[in-house]
Amino acid sequence: MAEKIKSYWIKLNKKLLIILAAAIILLLFMKFPTYKALSIFNSINNNIVVIDPGHGGIDGGAGSRNDILEKDINLQIGAKLKKELMVEGFEVIMTREEDISLENFSNIKASRYRRDLDARKSIINNNKPLAFVSIHCNASKKTTARGIKIYYYPESIEGEKLAESISQSIDENFYKSYMKEENLRTEILTEDFFILRETDYPGALVEVGFLTNPEENRLLRDDDYQWQIARAIKKGILRYLQ
Ligand SMILES: [Zn+2]
């Protein structure tokens with residue numbers, strides 16, 4: 001009789017163990033949604049980088065029509081960054097390669113501006129890149145405001161790493177080596193930008209300079225200046241991926 005009770009308990013314990021194990025596995029899946037696990041897995045197996053030149057088409061961004069528009073500078077630097085990354089063997093996806101806005105590529109019911117951003121988000125998430133970089137130009141009421149600023153999403157550890165790598169690279173390869181400026185440094189900032197918040201991959205937004213600063217406005221049109229910024233951003237991406 002005692003033996004029977006013993007073996008019954010062992011059987012019950014086995015059942016309990018199986019139920020417990022199943023519960024733990026279930027909890028793990030609930031805590032780490034499969035799409036996150038999938039995106040990490042896929043990232044390791046590709047060599048895609050997405051470049052997102054801000055604005056385009058009807059949306060000129062900062063600047064004025066009789067002067068120069070942000071959308072054009074963003075695309076010119078983005079195209080140079082693409083060439084630089086392709087030389088390194090990356091597959092490069094651009095959110096736009098022409099002077100267009102992207103609202104027609106989004107199905108959500110929202111403003112034109114938000115649909116444009118939603119389309120960019122989809123391009124980034126669908127391509128599962130190792131990293132992505134949005135390129136913009138800055139503007140300020142103060143014409144003395146200048147410099148390159150790099151943004152990442154506050155809660156993104158990978159975004160922060162990417163922003164820091166790009167920042168270090170621009171400080172060394174652009175400000176110090178090319179501009180011969182010992183005192184100029186990039187600024188790293190966090191911001192709740194849609195494109196950084198709504199994407200599942202490491203990203204940074206680079207404001208390459210102020211169009212409202214007369215000196216930077218002149219320099220940002222310069223082909224060589226644009227190449228040097230693109231090269232420094234590329235080296236920052238490479239540093240991040242090492
Ligand atoms: Zn912009």
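These legends accompany several close-up views of one predicted model.

Local features need pLDDT of at least 70 and side-chain atom pairs count only at pLDDT 80 or more, while totals for chains, interfaces and linings use all residues. Residues are numbered from 1 along each chain as its sequence is written.

View 1. Helices (H or I, at least four residues) and strands (E, at least two) are DSSP runs, numbered from the N terminus. From the N terminus on, their order is α-α-β-α-β-α-β-β-α-β-α-β-α-α. The protein chain has 242 residues, and 37% count as buried. A residue is buried if 20 or more other C-beta atoms lie within 10 Å of its own, exposed if 12 or fewer, and partly exposed in between, with C-beta atoms placed from the backbone. Among contacts with a separation of 6 or more, 75% join residues 24 or more positions apart. Two residues are in contact if their C-beta atoms, placed from the backbone, lie within 7 Å.

View 2. Two strands pair if DSSP finds at least two bridges between them. Strand 1 (residues 48-53) runs parallel to strand 3 (residues 131-138), with five bridges in the pair. Here Val 50 stands opposite Phe 132.

**View 3. Strand 4 and its two partners, strand 5** **and strand 6**. Strand 4 (residues 149-152) pairs with strand 5 in the parallel sense, over four bridges. Ile 150 faces Ile 188 in that strand. Between strand 4 and strand 5 the chain passes through helix 5 (residues 157-176), making a right-handed β-α-β crossover. Right-handed means that, with the strands pointing away from the viewer, the path from the first strand over the helix to the second runs clockwise. Strand 6 runs antiparallel to strand 4, joined by three bridges. Tyr 151 has Leu 205 of strand 6 as its bridge partner.

View 4. Lys 128 follows helix 4, and its phi is positive, near 45°.

**View 5. Val 133 in the largest nonpolar core**. A nonpolar core is a set of buried Ala, Val, Leu, Ile, Met, Phe, Trp, Tyr and Cys residues joined through C-beta atoms within 7 Å. This core has 46 residues. Val 133, Ile 166, Ala 204, Val 206 and Ile 233 touch the most other members. Not counting residues up to four places away in sequence, Val 133 touches Ile 51, Asp 52, Gly 203, Ala 204, Val 206, Ile 233 and Ile 237.

**View 6. Asp 67 in the loop between strand 1 and helix 3 (70-87)**. Asp 67 is exposed, because it has 10 other C-beta atoms within 10 Å. Asn 217 lies 150 residues from Asp 67 in sequence. In space, the two are 9.3 Å apart, C-alpha to C-alpha.
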